[in-house]
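Let us walk through a structure together, one chain at a time.

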Amino acid sequence: MLALLTQRFHDLDAADDAVQDALITALTAWQSGIPDSPAAWLYTVARNKLIDQVRRDRASRRQLHNSAPELTAHHTTADTYADAGTAEEGELIMDNSSYGDERLRLLLLCCHPALDRDTQVALTLRLAGGLTAAEVAAAYLLPEATLTQRVVRAKRKIREAGMPLLIPSNLEERVGSLLRVLYLIFNEGYLSRGAEHVTRVDLITEAIRLTRQVVDELPSSAEAEGLLALELYHHARSGSRVTGLGDLVLLERQDRSGWNLDVIAEANARLHSAMTRMTPGPYQVQAIIAGHHANARTAADTDWGAIAELYRQLGRMAPNPVVELNRAVAIAMADGPLAGLAVLNRLTGLEQYHLFHATKGELLARAGRPAAESFERALQLTSNEAERRHLERRRAETATAETAAAETRAAETAD
Amino acid sequence: MEFMILIHGDESSPRLAPGDPGFDEFMGSWMAYNQMLIEGGHWVSGANLAPTSSATTLRCSPGQTPEIVDGPFAETKEQFGGYYLISAENLDEAIALASKLPMDSGSLEIRPVAFRPDAA
């Protein structure tokens, strides 16, 4: 609805206000009964509010023009709005099918590369996702005023900088930017899911819903459907990822009976559909990897050799030390911790990344080497509570084992 | 809409002078760019500035005659070196046009024109 109104009136800010006003009007008006078509009702109310607004703007501009003609000589935009508004007078019936590609255009605009990443995320959730400012702020643990300010600034930039609500000529590039934002939102929801965050808005569901929209509107994009498959695979397992107390459970120890098989089946179908388009990309490769995990009946059934090879391919498509870190884990699982450590030790650029140290600690411990120092370093770098508890436990376990080993060695030397 | 493309570059990087090998190609690429703007109906104006070593800065304060300072206002790695004022449908078109500038380093700031007294 917002996309459609923005399209008709060329003013995102005003359209957003009109939709909010219409919703508030609905709160009182609908107490005596909900209309047959709530969407059409809301659209009509919001549109009428916009037309009123345009008329007021035009009247005040006329006044300004009369008093200060030199400032308003080439300001004809208000008239353009009014024409767009009145041309719509006859059209009242609204349903989802008449949205066309406006929703996709709005998503692409929210993720425009001329906006910074945090703004893209905020706009996507607030305008395309339809969450309230309070909900988005809560999801990102920000003061609501900060979030509101960010959205206000972004809307102003969109208007003043001339950012169009059009399907861009470099669509593929722009879709890439849109998918990155959706995956970022998904990951925020995925990683923050823990006992102390139960009241946070479900960003996972929201990201999946928006990704579905993109897949529906861009059926030719294999990467969009690949991302949907990837999100679904993670989502299917997310319930088993933490205990009731919010503690992390490593993939190999997760209770696989808690995984959602229907969601995994849908992910499999989505991935298959994406891959039939023969245009591989990083999201599809990550989905194939997630699919290997999701479809393995036990942890021991996991084909780690294949996963290591997939991470190698992924690293070639999108070079990234984190991918190399994952490849090291897969190699460790396939060929033993020492083989994994050999890959880790060649890695640079992850010194400040807690999972690098956590992984190193885990592989060292499995190889029977001192690991407490790596867990300690990881602890210093993480901010996630569930991860912190997991690392503290591992540090304590390995420190005890190391003390015991040192005592044994000391005892042996003494003998 | 009108947009200004502000061109920032590192002045200390070597510049080609007339007669240097590659100079004609270098100038040719800029002339071709200008021609592209003109033919596409995007050209409004543009200029290449003399280096900041020739700059004079006036520092203004209320009720005072500006203080005259030799040189650029701030020492930065990249200096403002020239601009294009172009006409484009929207930011996307302005970005696409700016991306075609024959630059291999430096940065381009794109700003919409809010008001220009001599605009038609």
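What follows is a tour of the two chains and of the place where they touch.

First, some ground rules: this is a predicted model, in which local features need pLDDT of at least 70, side-chain atom pairs count only at pLDDT 80 or more, and totals for chains, interfaces and linings use all residues. Residues are numbered from 1 along each chain as its sequence is written, while chains are lettered from A and ligands numbered from 1 in the order in which they are written.

Let us begin with chain A. It has 20 helices and zero strands; here helices (H or I, at least four residues) and strands (E, at least two) are DSSP runs, numbered from the N terminus. Of its 415 residues, 38% count as buried. A residue is called buried if 20 or more other C-beta atoms lie within 10 Å of its own, exposed if 12 or fewer, and partly exposed in between, with C-beta atoms placed from the backbone. The domain assignment, which is automatic or taken from a database, divides chain A into domain 1 (2-99), domain 2 (101-218) and domain 3 (352-415). The C-alpha centres of domain 2 and domain 3 of chain A are 39 Å apart.

Now look at helix α19 of chain A, residues 372-381, where A372(A), S374(A), F375(A) and A378(A) are buried. Seen down the axis of α19(A), these buried residues fall within an arc of 160 degrees, so they line one face of the helix. The arc is taken from the directions that lead from the helix axis to the C-beta atoms.

Helix α20 of chain A covers residues 385-414 and contains E385(A). Is E385(A) buried or partly exposed? E385(A) is partly exposed, because 16 other C-beta atoms lie within 10 Å. In sequence, E385(A) and D247(A) are 138 residues apart, yet in space they are 8.5 Å apart, C-alpha to C-alpha.

Chain B comes next. It has two helices and six strands, and from the N terminus on its elements run β-α-β-β-β-β-α-β. Its C-alpha trace spans about 45 × 40 × 20 Å along the principal axes, and 12% of its 120 residues count as buried.

Four strands of chain B form an open sheet in the order β2-β5-β1-β6, with antiparallel pairing. Two strands are said to pair if DSSP finds at least two bridges between them. At the edges stand β2 (43-48) and β6 (107-112) of chain B, each with a single partner strand, so one side of each is left without a neighbour in the sheet. From one strand to the next, the twist averages 20 degrees.

Within this sheet, β1 (residues 2-9) and β5 (residues 79-87) of chain B run antiparallel and are joined by eight bridges; I7(B) has G82(B) in β5(B) as its bridge partner. On the other pairing, β2(B) and β5(B) are antiparallel over five bridges, and G46(B) stands opposite Y84(B). The number of buried residues among the six of β2(B) is zero, so this strand lies largely in the open.

Finally, where do the chains meet? Six residues of chain B are in contact with eight residues of chain A, contact being C-beta atoms, placed from the backbone, that lie within 7 Å.

How values were computed. Contact = placed C-beta atoms within 7 Å. Axes fitted to C-alpha atoms, helices over the stretch in contact; angles between N-to-C directions.
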